[in-house]
Amino acid sequence: MAHVTFIARSMDGLILVETWDDSNKVQPQQKQQAKMLLRKLHNMPDKCSVDGAGDNCFHYTMADGICYLALFDKSYPKNLAFAFLEDIQKLFIEELKREYGTSSVDYRSRIETIEKPYYFIKFDRQITKRKSEYRDPTSSKALGRLNENLAGVSNIMRQNIDEILKRGENLDSVGRKANDLKDESKKFKNMTGKLKFHTMVQKYGVPVVIGLVITLIICIKFWKS
C-alpha cells in the first residue's frame, strides 16, 4: 500500500493534494525527500522509480503537466504500484472534468494557473478509498489489476534518491538514460524469446527424439509383421 501519495504540478512541483498513511510509518526524512523530488520533476523522465531512505521506494508517473507520486515498501510489487498510480490518474481526470467541465477544456493550462497549493485537497478522500484496494498485494482484486497492467509498465527507470537530490548536474542525462533503457529492453525481449526456445529444446528435445525413435521402431516392426 502507498504510505504517502502526492499529486503535483510537474513544472514546479506545486502540490495539489497529498495523502499520508495513518500508521505514521513515513519518516520526516522521507517527507523531505518527496518534496525535494517533486521540485526536480522538470528534469526527470515521465515514469520512474527512485530509491528512498530505508526500505522504501518512490514510484511516479507524469502526464499532461501533472505528476502522480507515491511511496511504497521496496518489497511491494512495482507493477502494482504503477497500477495504483494509473487508477489515481484516471480518478483525478474525472475530478478535473467536474471542476472545469468537459467542453474543449485545456486542463493543463488550468493547472498551470493555480497559485495556491492543495487546491484539490478534497480529492484526498478518493485517494484514501482507492489505497484500501491495494493494501494487500496478494488480494484477488490487486492481482487482477496487476495482470491488467503487467504489459503497460515496462521501460521504467530506477534511480537512487541521492543521485537525484544531491547530484543535480546528472539530471540532464536521465532522459537520455531512459531512451537507452528502452532500446536495451527491446534487445532483452528478443533475447528472452531465444532463451525460451533454447530452454524448450533442452527440456523436451531428448524426450521427443526418444519418442520418435520408439515410434519409428514400432512402425518398422508393424510393417515387417
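Student: Which residue has its charged end over the ring of W20?

Tutor: A charge sits over a ring if NZ of Lys or CZ of Arg is within 6 Å of the ring centre and within 35 degrees of the ring normal. The charged end over W20 lies 4.9 Å from the centre of that ring, and it belongs to K31.

Student: What kind of model is this?

Tutor: Residues are numbered from 1 along each chain as its sequence is written, and side-chain values use heavy atoms, leaving out hydrogens and water. Local features need pLDDT of at least 70, side-chain atom pairs count only at pLDDT 80 or more, and totals for chains, interfaces and linings use all residues, the model being predicted.

Student: How many aromatic pairs does a search of the whole structure find?

Tutor: Rings of Phe, Tyr and Trp (its six-membered ring) pair if their centres lie within 6.5 Å; planes under 30 degrees apart are stacked, over 60 edge-to-face, and the rest tilted. By that rule the whole structure has aromatic pairs numbering 8.

Student: Why is the pair of F6 and W20 edge-to-face?

Tutor: The ring centres of F6 and W20 are 5.6 Å apart. The pair is edge-to-face because the ring planes stand at 85 degrees.

Student: How many residues apart in sequence are the parts that F6 and W20 tie together?

Tutor: Helices (H or I, at least four residues) and strands (E, at least two) are DSSP runs, numbered from the N terminus. F6 is in strand 1 (residues 4-9) and W20 in strand 2 (residues 15-20), so the separation in residues is 14.

Student: Is W20 buried or exposed, or in between?

Tutor: Buried means under 20% relative accessible area and exposed over 50%, with partly exposed in between (1.4 Å probe, protein chains only). W20 has 26%, so it is partly exposed.

Student: Where does Y134, the partner of F84, lie?

Tutor: The rings of F84 and Y134 have centres 5.4 Å apart and planes at 70 degrees, so this pair is edge-to-face. F84 is in helix 2 (residues 78-100), and Y134 is in the loop between helix 4 (124-133) and helix 5 (140-149).

Student: Which strand does strand 4 join by 8 bridges?

Tutor: Two strands pair if DSSP finds at least two bridges between them. Strand 4 (residues 56-63) has 7 of its 8 residues buried, so the rest of the structure largely encloses it. It runs antiparallel to strand 3 (residues 47-51), with 5 bridges. The antiparallel partner with 8 bridges is strand 5 (residues 66-73).

Student: Which residue takes a positive phi in the hairpin of strand 4 and strand 5?

Tutor: In the hairpin of strand 3 and strand 4, with 4 residues between them, G54 has a positive phi of about 70 degrees. The hairpin of strand 4 and strand 5 has 2 residues between the strands, and the residue with a positive phi near 55 degrees is D64.
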